[in-house]
Amino acid sequence: MNDFSIAVIIPVFNVEKYLEQTLQSVKNQTLLPDEIIIVDDGSTDNSCNILEKYKRMQNIKIIRTHNRGLGPARNLGRNTANSEYIYFLDSDDLIKKDLFFTIKSTVKKFNKPDMILFSGDAFSDSKKISKKINLKFTLSGKYTHVSGLISQLIKKKEALPQASRYVTKATLWSKNNIYYPATIFEDEAVFFPLLALSRNTIILDKVFFMYRMDREGSITNSFLDKKYALSYLHIINLFINFMNKYPELTKLDYSAWKFRLGRIGLNYISMCIKTNSSINWVIIYKLMCKVKSILYLFKLLFRIIKYIKFN
């Protein structure tokens, strides 16, 4: 199983409470990844000292940089990696010990697919998780670019973008010039494009990833401000640009693309209301033209009226 390589990329920023658990879940793998690339994104807590304890770990490389955010940190790690396959793991989450062994077995069995998806599960240090989140796939097996996979995931409500639930060929990113944006909701920007560009996708319904919820200081638990609305705006533009650039890739799952784009648009207006941000009316017009649904138009107008009322 050594005719190809895999890199795990772990961005780190002020996670001293959880970092050791994450690194141990990598160290305890039955088969270590070929590269372990850690990007310390300007941590100011004890994360740096914890990383020092692991600097002699096999195959590890630690990069230190000024704080630029999760997306740029992942991009830096990917650009540094020399491996054929890439896996992103956040520094407060965990992976089960047979992940990389299973991934390498799957890559060999299916003759180097572009993308491998697998299930996850949520956990919390609290006694009870604050909200339910579906990280499991009921689909399994091999899907080609004409299988309508995106539509099937949308129909089953299993299309939640989560970077640590898939492994990809590095060339899927580099050849198609795909990068994580320097915004919040960066996972949303790349998941559908990667699925659309993948010629062969494998889905494993087994749980290999453990997602930590309700973490103090996480982006999802942060105070809402205008950058959240701007991030949604950026994601909408990226979606529309991809759909316009690759009409042949998106036409098979076009209804699913429109559904997802429409939902992001509604989230954008809701976030503008919550953060007292100005709405970009050009984007609203583009959404109406792209989604082309009477029902969606009513949903859009309802939120716009609500926005006008509160502003």
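This report describes the fold, cores, ring pairs and cysteines of a predicted model.

## Basis of the model

Residues are numbered from 1 along each chain as its sequence is written, and side-chain values use heavy atoms, with hydrogens and water left out. Because the model is predicted, local features need pLDDT of at least 70 and side-chain atom pairs count only at pLDDT 80 or more, while totals for chains, interfaces and linings use all residues.

## Overall fold

The protein chain has 12 helices and nine strands. Helices (H or I, at least four residues) and strands (E, at least two) are DSSP runs, numbered from the N terminus. The radius of gyration is 20 Å, close to the 19 Å that the globule rule gives for 311 residues, so the chain is as compact as a globular protein of that length. That radius is taken over C-alpha atoms, and the globule rule is 2.2 Å times the number of residues to the power 0.38. The C-alpha trace spans about 60 × 45 × 35 Å along its principal axes.

Of the 311 residues, 53% count as buried. Buried means under 20% relative accessible area, exposed means over 50%, and partly exposed lies in between (1.4 Å probe, protein chains only). Contacts are heavy atoms within 4.5 Å. Among contacts with a separation of 6 or more, 80% come from residues 24 or more positions apart.

## Nonpolar cores

A nonpolar core is a set of buried Ala, Val, Leu, Ile, Met, Phe, Trp, Tyr and Cys residues joined through side-chain atoms within 4.5 Å. The largest core has 66 residues, of which Tyr166, Tyr268 and Ile269 touch the most other members. A second, separate core of 35 residues includes Leu23, Ile60, Phe118 and Ile202.

Leaving aside residues up to four places away in sequence, tyrosine 166 touches several residues, including Ile86, Tyr87, Met115, Phe118, Tyr180 and Phe191.

## Aromatic rings

The whole structure contains 18 aromatic pairs. Rings of Phe, Tyr and Trp (its six-membered ring) pair if their centres lie within 6.5 Å; planes under 30 degrees apart count as stacked, over 60 as edge-to-face and the rest as tilted. The rings of phenylalanine 118 and phenylalanine 208 have centres 5.9 Å apart and planes at 90 degrees, so this pair is edge-to-face. Phenylalanine 118 belongs to strand S6 (residues 115-124) and phenylalanine 208 to strand S9 (residues 200-213), so the pair ties together parts 90 residues apart in sequence. Both phenylalanine 118 and phenylalanine 208 are buried.

Phenylalanine 191 and phenylalanine 192 form a tilted pair, 6.3 Å centre to centre with 50 degrees between the planes. Both of these residues, phenylalanine 191 and phenylalanine 192, are buried. Ring pairs also link Tyr166, Phe191, Phe192, Phe239, Phe242, Tyr246 and Trp257 into a cluster.

## Charges over rings

A charge sits over a ring if NZ of Lys or CZ of Arg is within 6 Å of the ring centre and within 35 degrees of the ring normal. The charged end of arginine 78 sits over the ring of tyrosine 179, 4.7 Å from its centre. Lysine 104 has its charged end over the ring of phenylalanine 4, 5.4 Å from the ring centre.

## Cysteines and proline 247

The structure holds zero disulfides, a disulfide being a pair of cysteine sulfur atoms within 2.5 Å. For cysteine 272, the nearest cysteine sulfur is that of cysteine 289, 19 Å away. Cysteine 272 is buried, with a relative accessible area of 0%, whereas cysteine 48 is partly exposed at 22%.

Proline 247 lies in helix H9 (residues 247-250) and is partly exposed, with a relative accessible area of 44%. Its C-alpha atom is separated by 33 Å from that of isoleucine 10, 237 residues apart along the chain.
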